[in-house]
Protein chains: 2
Amino acid sequence: MKDYEISFLLKNLALKGAMFKYITIKTGAFGAEYGMSQQSSSRKLSILEEMGYIERIQLKNGFKIKLTDKGIEKVIEDIKTYREIEKFLQEIEVKGKIVGGTGEGSYYMTKAGYVNQIKEIFNFIPYPGTLNIELDGENLNKIEYLKLHSKIVLNEFSDEGRTFGKVYVHRGKMDHVDVYVIFPERSHYRNVIEIIADRNLRKELGLMDGMEVSLKIFPEV
Amino acid sequence: MKDYEISFLLKNLALKGAMFKYITIKTGAFGAEYGMSQQSSSRKLSILEEMGYIERIQLKNGFKIKLTDKGIEKVIEDIKTYREIEKFLQEIEVKGKIVGGTGEGSYYMTKAGYVNQIKEIFNFIPYPGTLNIELDGENLNKIEYLKLHSKIVLNEFSDEGRTFGKVYVHRGKMDHVDVYVIFPERSHYRNVIEIIADRNLRKELGLMDGMEVSLKIFPEV
DNA sequence: ATTACTAGCCGTCGAGTAT
DNA sequence: TATACTCGACGGCTAGTAA
């Protein structure tokens with residue numbers, strides 16, 4: 001049996017609570033749950049036992065099953081692997097060039113519908129204007145996924161007959177200033193991202209068009 | 001291709017950093033790393049692309065590969081699954097019966113070698129005596145793994161020519177009192193666990209032999 | 001150099017069925 | 001009722017090799 005199949009089976013047993021107590025399962029039901037036959041399910045559980053990953057006690061109606069220390073160890077190993085992967089989701093650094101604000105975002109950030117939500121969520125009033133950073137291909141790739149995925153969302157609203165769409169927001173830092181990267185859901189493709197903050201970033205950080213800057217993003221997905 | 005095999009491959013690509021940027025891989029090397037042939041590696045990566053989990057750009061010497069949104073989504077899903085499993089590791093509740101202290105642990109807890117380490121790690125001086133809780137089979141199962149696995153370890157030391165062995169410790173709570181469960185590495189099998197605290201638990205919690213109690217353990221493994 | 005097709009082998013799958 | 005053995009079939013594997 002492949003190692004990743006062992007992980008898969010132990011993961012599912014663990015999810016059913018088999019790490020620290022016996023659970024009762026029937027090979028038929030267990031198999032059906034993960035798209036395999038009663039026969040395969042039976043065979044695999046028996047192999048897991050042989051390999052020392054689980055303990056099985058046969059009942060008249062099924063089995064009592066619990067992970068052994070070796071089984072728990074294996075699951076913890078996999079947990080640690082995924083924790084490693086989570087690190088990639090915790091901080092993403094992008095580098096780019098300050099460009100002039102043509103102002104899609106600047107216009108948005110004066111709209112009460114957005115301002116109020118920002119006040120509500122982050123407890124600050126955004127400086128009326130966005131800092132625009134132009135990214136190259138590699139840096140664009142890094143944020144591609146974040147454009148449409150965040151736990152932090154400014155909801156759409158209507159104002160003067162116009163609809164303003166959803167905006168995904170990610171927290172970030174430039175130098176040591178808290179900033180927020182805004183991704184309007186229905187923005188057309190652009191290689192420029194827009195940053196807001198509670199203050200004038202150009203002034204605070206002494207930024208001018210053409211300067212190279214680095215931005216850290218802390219995605220919440 | 002089985003779903004758990006997809007997860008396995010994406011996990012490994014993610015670990016190599018392919019979530020937010022292109023990485024360069026060769027089918028031969030990638031396959032060898034995970035115990036498969038160049039041919040299988042090639043076939044599988046090509047299937048992952050077909051299924052929309054990755055983007056591949058062929059180079060003269062290998063491929064540039066990056067997870068697509070669908071691929072990232074899948075990895076995040078798996079991260080969440082393992083977070084679920086972690087919950088089982090965060091708090092374990094056991095129930096048992098107070099029994100008289102015959103005092104293996106009580107004796108230990110007067111030894112300066114242990115006391116000093118406890119002072120160092122937890123910043124308290126243990127009350128000289130342990131509270132003993134007798135567990136039934138089911139509750140013993142829950143802590144079996146913890147007996148020999150903890151990040152918190154009191155190291156062995158020698159005193160008056162005798163060696164005192166390693167002790168694994170887990171934080172816990174009884175009612176709202178912070179307690180510590182001690183598992184001497186070389187303790188013979190027993191259905192009794194020993195608890196220490198900075199105070200007299202019998203007095204503090206009004207406990208007497210034979211009483212049923214509940215103990216929460218917060219394993220650090 | 002690399003990827004990926006072909007072909008034959010091997011292992012895994014599950015229907016049937018014994019227990 | 002269950003689990004688990006047998007065995008025919010199918011899918012996936014890799015060596016060889018083309019591109």
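Modeller: Helix 1 and helix 4 of chain A pack at an angle of about 100 degrees, with their axes 10 Å apart. Helices here are DSSP runs of H or I with at least four residues, strands are runs of E with at least two, and both are numbered from the N terminus. Axes are lines fitted to C-alpha atoms, for helices over the stretch in contact, and angles run from 0 to 180 degrees between N-to-C directions. Helix 1 of chain A and helix 4 of chain A are therefore roughly perpendicular to each other. On this scale, under 35 degrees is roughly parallel, over 145 roughly antiparallel, 65 to 115 roughly perpendicular, and the rest oblique.

This is a predicted model: local features need pLDDT of at least 70, side-chain atom pairs count only at pLDDT 80 or more, and totals for chains, interfaces and linings use all residues. Residues are numbered from 1 along each chain as its sequence is written, while chains are lettered from A and ligands numbered from 1 in the order in which they are written.

Which residues make the helix contact? From helix 1 of chain A come A:Ile6, A:Ser7, A:Leu10, A:Lys11 and A:Ala14. They meet A:Gly71, A:Lys74, A:Val75 and A:Asp78 in helix 4 of chain A. Two residues are in contact if their C-beta atoms, placed from the backbone, lie within 7 Å. By class, this helix contact has four nonpolar, two polar and three charged residues. Ala, Val, Leu, Ile, Met, Phe, Trp, Tyr, Cys and Pro count as nonpolar, Asp, Glu, Lys and Arg as charged, and the others, Gly among them, as polar.

Now the interface between the chains. 30 residues of chain A are in contact with 30 residues of chain B. On the chain A side, helix 1 (3–15), helix 4 (69–90) and helix 7 (137–144) each give two or more residues. Helix 4 of chain A has the largest share, 12 residues. The chain A side divides into 17 nonpolar, three polar and 10 charged residues.

How are the two chains related? Chain A can be laid on chain B by a turn of 180 degrees and a shift of 0.0 Å along the axis, with an RMSD of 0.1 Å. That is the relation of a two-fold axis. The superposition is by least squares on the C-alpha atoms of residues with pLDDT of at least 70 in both copies. 100% of the interface residues of chain A are also interface residues in chain B, so the copies meet through the same surface.

Next, the DNA. 16 residues surround DNA strand D. A residue is near a strand if its C-beta atom, placed from the backbone, lies within 6 Å of it. The closest to DNA strand D are A:Lys26, A:Thr27, B:Ser37, B:Gln39 and B:Ser40. Helix 2 (27–33), helix 3 (38–50) and strand 3 (62–67) of chain A each supply at least two residues, as does helix 3 (38–50) of chain B. Helix 3 of chain A gives the most, with four residues. By class, this surface has three nonpolar, 11 polar and two charged residues.

DNA strand C has 14 residues around it. A:Ser37, A:Gln39, A:Ser40, B:Lys26 and B:Thr27 come nearest. Helix 3 of chain B makes the largest share of this surface, four residues. The surface near DNA strand C has two nonpolar, 11 polar and one charged residues.

Strands pair if DSSP finds at least two bridges between them. Strand 1 and strand 3 of chain A pair over three bridges. A:Ile25 has A:Phe63 as its bridge partner in strand 3 of chain A.

Chain B has an open sheet of three strands in the order 1-3-2, also antiparallel. There, B:Ile25 stands opposite B:Phe63 in strand 3 of chain B.
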